[in-house]
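Welcome, and thanks for taking a look at this one with us.

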Amino acid sequence: MEIKESSIEKFISENDIKEVENSILNGYDQLINGNGKGNDFLGWLHLWDSIDEKLIEDIVSQAEKIRKKAKVYVVIGIGGSYLGARAVIEALQNNFNFLQQKERLSPFIVYAGNTLSEDYISELLDILNNMDYCLCVISKSGTTTEPAIAFRILKEHLENKYGEKEAKERIIAITDKQKGALKLLANEKGYKTYIIEDNIGGRFSVLTPVGLLPIAVAGFDIRKLIFGARKMSKQLIGNRDISSNCALKYAAYRNILNNKGKEIEILVNYLPNLTFLSEWWKQLFGESCGKEGKGLFPASVSNTTDLHSMGQYIQEGKRIIFETIISVENAKNKVNIPYDERDIDGLNYLHHFSINQINHKAMQGTLMAHIDGGVPQIVLSIEKLDEENIGELIYFFFFSCAISGYAMGINPFDQPGVEAYKKNMFHLLGK
Ligand code: PA5
């Protein structure tokens, strides 16, 4: 992964970087020395201490068993216990996975416990009546309402369908090592369990069993994912130079643009597979940096689709936006525009381009237009969508998010604000 420089030069000078340099390097020191706020949540930084080969082997072998048994894998969880797995799976899987019925090697991955929609759970139960399935329930606290409700309903369904003994074999719980209702239940029922370490918060947990088990069940290579993350960690840890450490640079650019009055950062993709990576990124940056009256509002668009909707606002609306673009250089497949003798639609001039090349021209054209329109652009370029590149990107975002937060003087690892709605909801429900 690399940051392409030319698009940002018009908006950020050497002097701007000098102005934030101290705060960024101070953030880096706090992170690396482990003496900043929330320093009991730095387990992701040296993840390899807790994710060893033995654990990976165990996850891979559990995933193999599930892949043989289940046509559908229901992953129950919300927020950090949901978005990471979905982001990676959707980035890597076939866009029409949901229509591939015949000769499937991997179960359909479906998600529950991430909504209180009654119709969603009812319609899921209808589907599960007729399909073999297994469950994965993920909750670090073990007490979050949405997944707890979904698990209670689905556990009952599974037990009615297969009997209690077989149902037990079809459930894996991923939770705290000792506390929470889910841990109690898992102990009592004897479910296979994976631990979420105390020092890893939900939004930093995709490279732990929280993300790795569903990703492996979906058929992707979790070793390569971790290899990518580790590779990125080697580039970032130990490099205290903003000009060559891409995560420090990204954090610096974000904070400079924020100081210059930009309030909204839009993560832009040009591939529909990346829609959930944006959802994951929004949680990571929103929950980590949006506090104490500070922080950029993280938003996202999927182009070129959204150029036909949000494009107008970004080009000409309030000048409080900058964009971070994920540019994936190569497509997995090649589709050319056929040559047509009559050329009624006037598309013969595109005959020599692949769709991916046209997509990149759309991206370059948009980039130029937005720069002209006063919207700074940070371009993150990756070679292709595979496990290694996604692993790199994830670790890059973890690192830069922590630095951005520390440089702003906040604790990037807590989320006191999410309790407010829960208090009201519990009161209204008479808990
Ligand atoms: O990042 C976070 O901390 C949150 O998004 C949590 O992951 C989310 O609220 C789910 O919590 P839990 O895993 O305890 O059910």
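A residue is called exposed when its relative accessible area is over 50%, buried when that value is under 20%, and partly exposed in between. Glu-292 has a relative accessible area of 55% and is therefore exposed. Do keep in mind that this is a predicted model.

**Backbone details**

- Glu-292 is not a glycine, yet its phi is positive, near 55°; you will find Glu-292 in the loop between helix H11 (275-289) and strand S8.
- Asp-343 also has a positive phi, about 55°, without being a glycine. The loop that holds Asp-343 runs between strand S9 (321-328) and helix H13 (355-372), and with a relative accessible area of 25% Asp-343 is partly exposed.
- Asn-303 and Thr-304 are joined by a cis peptide bond, with omega about 5°. Thr-304 sits in the loop between strand S8 (297-302) and helix H12 (311-316).

**Around the ligand**

- Which residues come nearest to the ligand? Of the 13 around it, they are Ser-81, Ser-139, Ser-141, Thr-144 and Gln-283.
- By class, this shell holds nine polar residues, three charged ones and one nonpolar one.
- On its own the ligand has 380 Å² of accessible area, and the protein covers 86% of that.
- Gly-80 has a further contact: its backbone oxygen lies 3.3 Å from a polar side-chain atom of Ser-205. Ser-205 belongs to the loop between strand S6 (192-195) and helix H8 (209-217), and at 1% relative accessibility Ser-205 is buried.

**Salt bridges**

- Side chains of opposite charge can pair when their charged atoms come close.
- How many salt bridges does a search of the whole structure find? There are 24.
- One of them pairs Arg-223 with Glu-53, at 2.7 Å from N to O. Arg-223 is in helix H9 (residues 222-236) and Glu-53 in helix H2 (residues 53-69), 170 residues apart, so this pair links distant parts of the chain.- Lys-231 and Glu-388 form another, with the closest N and O atoms 2.7 Å apart. Lys-231 lies in helix H9 and Glu-388 in helix H14 (residues 387-408), so the pair ties together parts that are 157 residues apart in sequence. Lys-231 is partly exposed at 33% relative accessibility, and Glu-388 is partly exposed at 23%.
- Within it, the closest N and O atoms of Arg-170 and Glu-166 are 2.8 Å apart; Arg-170 is buried at 7% relative accessibility, whereas Glu-166 is partly exposed at 25%.

**Nonpolar residues in loops and at the surface**

- Phe-96, Phe-98 and Leu-99 make a nonpolar surface patch of about 360 Å². Phe-96 is in the loop between helix H3 (83-92) and strand S3 (108-112), and it counts as exposed at 51% relative accessibility.
- Leu-350 lies in the loop between S9 and H13 and is buried, with a relative accessible area of 15%.

Definitions and conventions. Residues numbered from 1 in each chain as written. Predicted model: local features only at pLDDT ≥ 70, side-chain atom pairs only at ≥ 80, totals over all residues. Heavy atoms only, no water. Patch = residues over 30% accessible without salt bridge, like charges linked within 9 Å, V, L, I, M, F, W, Y side chains within 5 Å. Areas by Shrake-Rupley, 256 points an atom, 1.4 Å probe, with all protein chains shown as cover. Salt bridge = Lys/Arg side-chain N within 4 Å of Asp/Glu carboxyl O. Helix = DSSP H or I, 4+ residues; strand = E, 2+ residues; numbered from the N terminus. Buried < 20%, exposed > 50% of the residue type's maximum accessible area, 1.4 Å probe, protein only. Near = heavy atom within 4 Å. Nonpolar A, V, L, I, M, F, W, Y, C, P; charged D, E, K, R; others polar. Polar contact = N/O pair within 3.5 Å; in protein donor to acceptor, adjacent residues only side chain to side chain.
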